[in-house]
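Please keep the sequence and the structure in view while reading.

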Amino acid sequence: MQSANMLLRRIVRSSVLPFPTQHGIKKNLFPLSRTLSLSLCLKQDKSCEPSEKLDLDEWKKVMKSGLQEEVSEIVSEPKELSSLAAARETLEMWRLAGRAVPENMSEEQLKTFMECPSKSAKKKYLRYLHLKELHKKNDKRKMDEKRERRLEAQDQDSKTDETKKSPFVSLWSRTMDKAYNWRAAQSMIFGQPLVFDMSYEKEMSVREVSNAVRQIVMSESSNRRSVDPFHIHFCNFKDDSLYHREFIKNYREAWDKLLITVTDQCYTEIFPKDKLIYLTADSPKVMKAFDHDKIYIVGSMVDKSIKRGVSLARAKRLGLETAALPLDKYLLWSTGAKNLTLDQMMHILLTLKDTADWKKALEFVPKRKYCDFVNKPVKELKRTLDLISTLRLGKGREKGEKPFARNYPKRYKLKQK
């Protein structure tokens, strides 16, 4: 029996250990489980009968096949890990070289990067990941800024709430409200009427009606706070219309407490026609001065959505006088249509009523629409226009003369040479 054990030990030393050394594996990688299984086999062999014989060739084949499976498993894992590590090293080198490479990449993104067929495809994929990362950073930065602004606004609101709670500020606001209401009540008896025509609901969408109502709300607020307010009339106003619903949405409970006149009648049924003037940008007649005895009508519409000449056609159909603001006379108009919002019209009319100064009134026109006020004499303007036209050639002179001829009266036009 001792001779059999010695024989097995020699076989193990001569056959099993050279196999992993031939395949490039160190002796310390030889699995411990195999040695334990061998010892168990040897113990079992002691209980066997001495007449039993071992099939050594079959045993060698089994041992070699098991070792090959374990070696393949051990070798495949380091290969995959080494390729990912190499990919990370190349990405780090490209990042140091200044290329568009993302800072953080997952294993899936690295695998897709390695599967790219060409170098240009890899660059495109890295650029895509880099831009995606930048967008995420920008979104995060914007969210942080928005959160900071919200916190600042909350702090300011808390401070204003504290100031509002003070008795002096609340007393001041109550007295000012009473003064404004008193002025509005006086204007309903003695003030000059100002009509808002509410007959344009069918020609606008819901969004445009809401914009028009918002502008009218701002107009009513500025009129209420003015020194000499108008007596505002909402004519052609129908109950349960879009205008009505939008006004209730904006004013809520204060709608029934407004110091204005709301009626479903037309303005021609309330006021005499010879006192009515319809203000429209399409009118050929220019308004020279503010008349305190006239009653001005403003169309309650958003001019961008209305076709040109609708308000002028309505005024002509009713046989009313029309007028347009003298924008060309006082402003060097640059771009855009000469249509103003309803709150801008209210500011202009209030300033004209108080000061009768067109330059102060037209300061409420948006500055993006005009270059400057006409402060220079007309001769200097003609001289500068001649200089510009001499620098231009051919059609350039005609293009330079057209704005001048459009913006100034006929007596100031350049003489044709």
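The model is predicted. Its protein chain has 417 residues, of which 33% count as buried. The secondary structure comprises 16 helices and eight strands.

**The chain as a whole**

- The mean pLDDT of the chain is 76, and 66% of the residues reach 70 or more.

- Where pLDDT is low, the predicted coordinates should not be read in detail.

**Helix 8 and helix 13**

- Helix 8 covers residues 206–224, and helix 13 covers residues 342–355.
- The two helices pack at an angle of about 25°, and their axes are 7 Å apart.
- Helix 8 is therefore roughly parallel to helix 13, because angles under 35 degrees count as roughly parallel.
- The crossing of helix 8 and helix 13 is right-handed.
- On the side of helix 8, the contact involves A212, Q215, I216, M218, S219, S222 and N223; on the side of helix 13, it involves L342, D343, M346, H347 and L350.
- Sorted by class, the residues of this contact are six nonpolar, five polar and one charged.

**Helix 8 and helix 9**

- Helix 9 spans residues 242–251 and packs with helix 8 at an angle of about 55°, the axes being 9 Å apart.
- This angle makes helix 8 oblique to helix 9.
- The crossing of helix 8 with helix 9 is right-handed.
- Helix 8 contributes V206, V209, S210, V213, I216, V217 and E220 to the contact, while helix 9 contributes L242, Y243, E246, F247, N250 and Y251.
- By class, this contact between helix 8 and helix 9 has nine nonpolar, two polar and two charged residues.
- I216 of helix 8 takes part in the contact with helix 13 and in the contact with helix 9.

**S221 in helix 8**

- S221 is located in helix 8.
- Is S221 buried, partly exposed or exposed? S221 counts as partly exposed because its relative accessibility is 30%.
- S221 and Y180 are separated by 41 residues in sequence, and their C-alpha atoms are 9.9 Å apart in space.

**Two loop residues with positive phi**

- N236 is a residue other than glycine with a positive phi, near 60°.
- N236 belongs to the loop between strand 2 (231–235) and helix 9.
- The relative accessible area of N236 is 17%, so N236 is buried; the cut-off for buried is under 20%.
- A356, also a residue other than glycine, has a positive phi near 60°.
- A356 lies in the loop that runs between helix 13 and helix 14 (358–361).
- With a relative accessible area of 60%, A356 is exposed, because exposed means over 50%.
- In summary, N236 is buried, whereas A356 is exposed.

Technical notes. Residues are numbered from 1 along each chain as its sequence is written. This is a predicted model: local features need pLDDT of at least 70, side-chain atom pairs count only at pLDDT 80 or more; totals for chains, interfaces and linings use all residues. Side-chain values use heavy atoms; hydrogens and water are left out. Helices (H or I, at least four residues) and strands (E, at least two) are DSSP runs, numbered from the N terminus. Buried means under 20% relative accessible area, exposed over 50%, partly exposed in between (1.4 Å probe, protein chains only). pLDDT is the predictor's confidence in each residue, from 0 to 100. Axes are lines fitted to C-alpha atoms, for helices over the stretch in contact, and angles run from 0 to 180 degrees between N-to-C directions. Angles under 35 degrees count as roughly parallel, over 145 as roughly antiparallel, 65 to 115 as roughly perpendicular and the rest as oblique. A crossing is left-handed if the near helix is turned anticlockwise from the far one by less than a right angle, and right-handed if clockwise. Contact means heavy atoms within 4.5 Å. Ala, Val, Leu, Ile, Met, Phe, Trp, Tyr, Cys and Pro count as nonpolar, Asp, Glu, Lys and Arg as charged, and the others, Gly among them, as polar.
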